Amino acid sequence: MPSSSSSHSYYSSAGLALALFAITATCAVAFTAQASSSARSTSSKKRTPLGRLFFGGSGSNADADGMPVLPSNVVKYSQVPKVGFFVKDKIPRGLLKDHTTKKGTWGVIRVTAGKLLYRLEEPAPALEFELTPEGRSGIIEPTRLHRVAPLTDDVEFCVEFHRLPGSGPVDEKRE
């Protein structure tokens, strides 16, 4: 046992070590529980602060569910389709499989009818959002792997493309 003059320091250090161990163990248990639960996240499922710490967006701003937040100063430069909307049987195959936008290109998925699944593949585990006309739009971060899938036969949607001012010329050819 330490001398009485150093006992305060000894017990403070021991208490600090014990507290750090307890915090680490608690985080590990919460992390394991979050990781072992379903990887599916919908807009109605809220993430805890710990879950956001471990499973939040890809480094940029994201809301409580992990949906990226569109920067307020982006400028729309294109939309697909140019006229009208994609419908269930006319969705380009490229949108149904994993793909990305170019560096600096943000996307906004606007659903006008039905339901559309929006899946963010990165970072793991994947996040899924059910997009509806009454709900929020799907936000696509530059270069982030994603895809969509129709959830109802009456789905209609378009994808807008945006860039930050001064981020370079737009040389993408869209439909």
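**Entry 1: Thr132**

I began with Thr132, which I located in the loop between β5 (127–131) and β6; strands here are DSSP runs of E of at least two residues, numbered from the N terminus. The model is predicted: local features need pLDDT of at least 70, side-chain atom pairs count only at pLDDT 80 or more, and totals for chains, interfaces and linings use all residues. Residues are numbered from 1 along each chain as its sequence is written, and side-chain values use heavy atoms, with hydrogens and water left out.

Is Thr132 buried or exposed? I found Thr132 buried, at a relative accessible area of 16%; buried means under 20%, exposed over 50% and partly exposed in between, with a 1.4 Å probe and protein chains only. Its side chain reaches the backbone nitrogen of Gly135 at 3.1 Å. Not counting residues up to four places away in sequence, Thr132 touches Val111, Gly114 and Lys115, where contact means heavy atoms within 4.5 Å.

**Entry 2: Leu131**

I then turned to Leu131, in strand β5. Leu131 is buried, with a relative accessible area of 2%. With neighbours within four places in sequence set aside, its contacts include Met67, Ile109, Val111, Tyr118 and Gly138. I also looked up the C-alpha separation of Leu131 and Phe157, which is 9.7 Å for residues 26 apart along the chain.

**Entry 3: strand β3**

Next I examined strand β3 (residues 105–113). Seven of its nine residues are buried, so β3 is largely enclosed by the rest of the structure. Eight bridges join β3 to strand β8 (residues 156–163), and the two run antiparallel; strands pair if DSSP finds at least two bridges between them. Val108 stands opposite Glu160 in β8. Strand β6 (residues 138–140) is also antiparallel to β3, through three bridges, and there Gly138 is the bridge partner of Ile109.

**Entry 4: aromatic pairs**

How many aromatic pairs does the structure hold? I found three; rings of Phe, Tyr and Trp (its six-membered ring) pair if their centres lie within 6.5 Å, with planes under 30 degrees apart counted as stacked, over 60 as edge-to-face and the rest as tilted. The rings of Tyr77 and Phe161 have centres 6.5 Å apart and planes at 40°, so this pair is tilted. Tyr77 lies in strand β1 (residues 75–80) and Phe161 in strand β8, so the pair ties together parts 84 residues apart in sequence. Tyr77 is partly exposed at 24% relative accessible area, whereas Phe161 is buried at 5%.

Phe86 and Phe157 form a tilted pair, 5.3 Å centre to centre with 50° between the planes. Phe86 is in strand β2 (residues 86–87) and Phe157 in strand β8, 71 residues apart. I noted Phe86 as buried at 4% relative accessibility and Phe157 as buried at 0%.

Note on methods: Helix = DSSP H or I, 4+ residues; strand = E, 2+ residues; numbered from the N terminus. Polar contact = N/O pair within 3.5 Å; in protein donor to acceptor, adjacent residues only side chain to side chain.
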